[in-house]
Amino acid sequence: MKSAGELLTDPFLQFPASNLVQVVWFTEFAGSRHTVAYGENLQQSAIATTTKLSRTREDQKSRVGKQTADAQVYKQTTMRDIWRHQATVTGLTPNTRVPYRVSSVREDGKTINSKQFTLAPTPAPGTPIQILLTSDHQLKPMTSANLQKAAESVGQVDAVLFAGDMVNVPDRASEWFDDNRGGALFPALQGRAKFELEKNGVGTIYKGGEFLQHAPMFATIGNHEVMGRFSMDSSLDDQFSDAFPRLDAQELKSTKTSVKDNSFNTDTYEEIFSLPQSNEGGKKYYAVTFGDVRLVVLYITNVWRPWGIDPKTKGKFSEREQDLNDPINWGYGQHIFEPIAKGSTQYKWLEEELNSQDFKESKYKIVMFHHPPHSLGENIVPAYTDPLQVRENNADGSIKAVRYEYPKQADYIIRDVVPLLETAGVQLVFYGHSHLWNRFISQKGMHFLETSNVGNSYGAFIGDKKRSLPSNFGSDYAVTGNPNGLEPIVPAIAPLVGEDGQPLPYVASNDITVFSILDTGAGTVSSYRFDTREPESQVVKFDEFRLRQHI
């Protein structure tokens with residue numbers, strides 16, 4: 001693990017343009033003269049601007065430094081000082097890589113240098129590129145193995161698309177930088193992980209893949225990038241789970257704190273990454289051209305709540321009995337963080353983007369967000385819509401129960417977003433959230449891909465395997481299959497087979513990890529699997545499909 005006197009991350013690339021790219025890195029010291037040296041013999045230089053992350057903390061549950069069990073070091077939630085350095089490297093030529101390294105001078109005058117890597121601006125149109133498609137890392141057991149095998153199999157990619165859920169608790173600094181179990185986000189994506197995965201009594205150490213030092217990452221917000229109500233008294237886990245609807249927070253907020261602190265925020269995610277921005281959504285939703293790809297990134301995610309409906313559960317479908325007369329403690333069901341329904345600000349922005357020349361003239365039209373429109377996974381139920389609150393009162397007028405319903409016909413993704421994307425000629429909708437691999441295709445040829453069986457899986461619900469729905473729920477809540485109609489596609493090359501010997505239209509495994517690659521030269525999306533139970537085995541290419549070309 002990195003010591004406080006070293007760089008907290010290797011440098012990584014962000015938000016390139018035709019002749020420039022941003023270089024970012026982190027330290028645990030303020031330091032000075034943070035610089036990128038680049039070009040032939042590293043003769044050119046760019047000075048970085050330094051900012052301090054405002055909400056990064058550690059707590060009793062952190063696994064960082066000497067804390068290997070709860071509360072060994074951190075007895076309570078504690079701020080952690082981390083500095084971010086960003087320099088703009090200019091004068092670059094498309095399709096030409098140049099060497100670079102970064103340096104930071106500590107307070108004691110010692111210069112700390114990174115290793116040497118390569119950078120490049122946005123690829124020129126017509127340039128064949130390879131893009132890693134990934135999501136839902138969350139420090140899960142197979143993530144480092146996944147990224148290591150992707151790097152060994154494919155080599156250097158030109159970009160990474162991350163469909164949300166990078167970490168578990170976004171304000172816990174160690175989950176991004178230096179969790180002492182070896183599998184934090186940046187180490188795994190920079191080939192510096194040291195995660196031991198045990199299978200059948202044998203431990204194998206995986207280092208992840210060296211991607212971000214050489215390739216920009218474009219990301220979208222998943223539910224695990226959203227932090228709930230802010231506190232220095234409660235645990236970070238409790239704060240993460242305590243997201244509160246913004247409109248209700250405006251009504252109930254204290255005069256001493258902001259609406260944001262009383263609802264939810266994505267501050268740490270937005271402070272860490274330099275992403276394209278839209279006027280309406282900032283970094284939360286945006287569009288960017290990278291080579292032949294026009295990428296549209298949407299903010300489609302909601303808070304996750306437990307399935308149970310017992311009196312002690314603040315869940316998807318009901319409030320806890322103890323909270324019924326105290327709305328400030330309600331969960332308000334699986335409320336949506338950013339509206340996407342027809343007529344919302346984000347929807348109107350999407351309409352404009354899909355009608356823009358940049359979008360229409362692009363060879364590949366890809367849309368990325370977190371929540372699944374089609375899936376065999378658990379998290380596609382209930383429907384993606386605002387929870388409909390139903391209150392039951394006692395005879396004296398007091399509250400007896402608070403329930404939430406999610407009418408299937410009101411699913412905003414299926415009802416409003418998907419028809420818009422299909423009409424605009426989108427070829428690929430890429431998403432995550434349910435921790436499995438499955439894909440679908442519409443009658444008009446639009447592909448849907450969820451390739452989130454990266455670090456673990458929560459299963460595929462098909463056939464006799466049923467979702468954890470309470471009994472006697474109606475047809476709005478599908479217990480098996482994809483609730484939104486499309487049938488899953490059996491992998492085209494080497495599908496896994498079930499106990500009955502029939503090919504499976506999914507991968508949902510805690511032993512087999514999956515990654516996918518978009519190849520713009522071939523116009524294909526290829527998916528690969530690796531069986532972690534056999535560390536010496538080869539990666540298997542098990543599926544490939546071609547994106548339709550517009551005439």
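These legends walk through a few close-up views of the structure above. This is a predicted model, so local features need pLDDT of at least 70 and side-chain atom pairs count only at pLDDT 80 or more, while totals for chains, interfaces and linings use all residues. Residues are numbered from 1 along each chain as its sequence is written, and side-chain values use heavy atoms, leaving out hydrogens and water.

**View A. Here is the open sheet of 6 strands.** Its order is β16-β13-β12-β25-β26-β27, with mixed pairing (strands are DSSP runs of E, at least two residues, and helices runs of H or I, at least four, numbered from the N terminus; two strands pair if DSSP finds at least two bridges between them). At the edges sit β16 (217-219) and β27 (540-546), each pairing on one side only.

**View B. Zoom in on β12 and β13, which run parallel.** You'll find 4 bridges joining β12 (residues 130-134) to β13 (residues 159-162). Leucine 133 has leucine 161 in β13 as its bridge partner.

View C. Aspartate 531 is buried (under 20% relative accessible area, with a 1.4 Å probe and protein chains only), at 15%. Leaving aside residues up to four places away in sequence, aspartate 531 touches Asp511, Ile512 and Ser537 (contact means heavy atoms within 4.5 Å).

**View D. Helix α7 (residues 345-354) has several buried residues.** Among them are Tyr347, Trp349 and Leu350. Seen down the axis of α7, its buried residues fall within an arc of 160° (taken from the directions from the helix axis to the C-beta atoms), so they line one face of the helix. They pack against β17 (286-290), β18 (293-297), α8 (357-360) and α9 (412-423).

Notes. Buried means under 20% relative accessible area, exposed over 50%, partly exposed in between (1.4 Å probe, protein chains only).
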